[in-house]
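Please consult the sequence and the structure shown here while reading.

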Amino acid sequence: MAIVEQSQLGDVQMLTSLLEAFQELMQHNIVSWQALTENFVKKFVNFIDRSHQPEYYHATIVSMCLDILRSIISCSQKFYQLVLGEVSIAAVVPFLNKQDTNVKCSTLAFINAMISKAEAKEEAIRNMHQLGKIMRDCILSNFPLGTVPREIAQELYVYQCHLMNQYESRMKQKFIP
């Protein structure tokens, strides 16, 4: 973990290898999510923030960082609050405009994890309203009908379910003319 904390975006090959190794360790439960440090999590947030600048954008690194942050959201309540405070959903939406399919899929998975992990239904609704038209326009322009890869289609379906769940209570109310 110390190696990742000290790494910079300059050496893309080394950083990619480190992130791949870290993902493998975490997927096989070799290291507990509770063993992470705040600086370690903030390093991934920093990679995402800096990746908005074209000279620091590397599709592989962005995809892996978003996947790791999504896993942190799902597996660590302690660091979920940190990620929630540091990364807004609106900040990652521009990654949906990128050409790389893995980045798009990781971005959608991250957004879905943020919405589904929302502690209160009001928080999830606020997140959905925050995105609103921006997210809709981004989805319509970047995911043409019939040409969406299976992984992205799954994430879009989950996002659609979140949208429908937002209106569930209103749909159950009786109509009063």
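The sections below treat the overall fold, the cysteines and one serine.

## Overall fold

The model is predicted. Its chain contains 10 helices and 0 strands, and the order of elements from the N terminus is accordingly α-α-α-α-α-α-α-α-α-α.

Of the contacts with a separation of 6 or more, 75% join residues 24 or more positions apart.

## Burial and surface

The chain has 177 residues, of which 41% are buried.

## Cysteines

The number of disulfides in the chain is 0, where a disulfide would require a pair of cysteine sulfur atoms within 2.5 Å.

Cys-65 has a relative accessible area of 0% and is therefore classed as buried. Cys-75, by contrast, is partly exposed, since its relative accessible area is 42%.

## The setting of Ser-63

Ser-63 belongs to helix H4, which spans residues 59–75. With a relative accessible area of 9%, Ser-63 falls under the 20% limit and so counts as buried.

Which residues does Ser-63 touch, not counting residues up to four places away in sequence? They are Asn-102, Val-103 and Ser-106. For Asn-102 there is a further detail: its backbone oxygen lies 3.5 Å from a polar atom of the Ser-63 side chain.

Technical notes:
Residues numbered from 1 in each chain as written. Predicted model: local features only at pLDDT ≥ 70, side-chain atom pairs only at ≥ 80, totals over all residues. Heavy atoms only, no water. Helix = DSSP H or I, 4+ residues; strand = E, 2+ residues; numbered from the N terminus. Buried < 20%, exposed > 50% of the residue type's maximum accessible area, 1.4 Å probe, protein only. Contact = heavy atoms within 4.5 Å. Polar contact = N/O pair within 3.5 Å; in protein donor to acceptor, adjacent residues only side chain to side chain.
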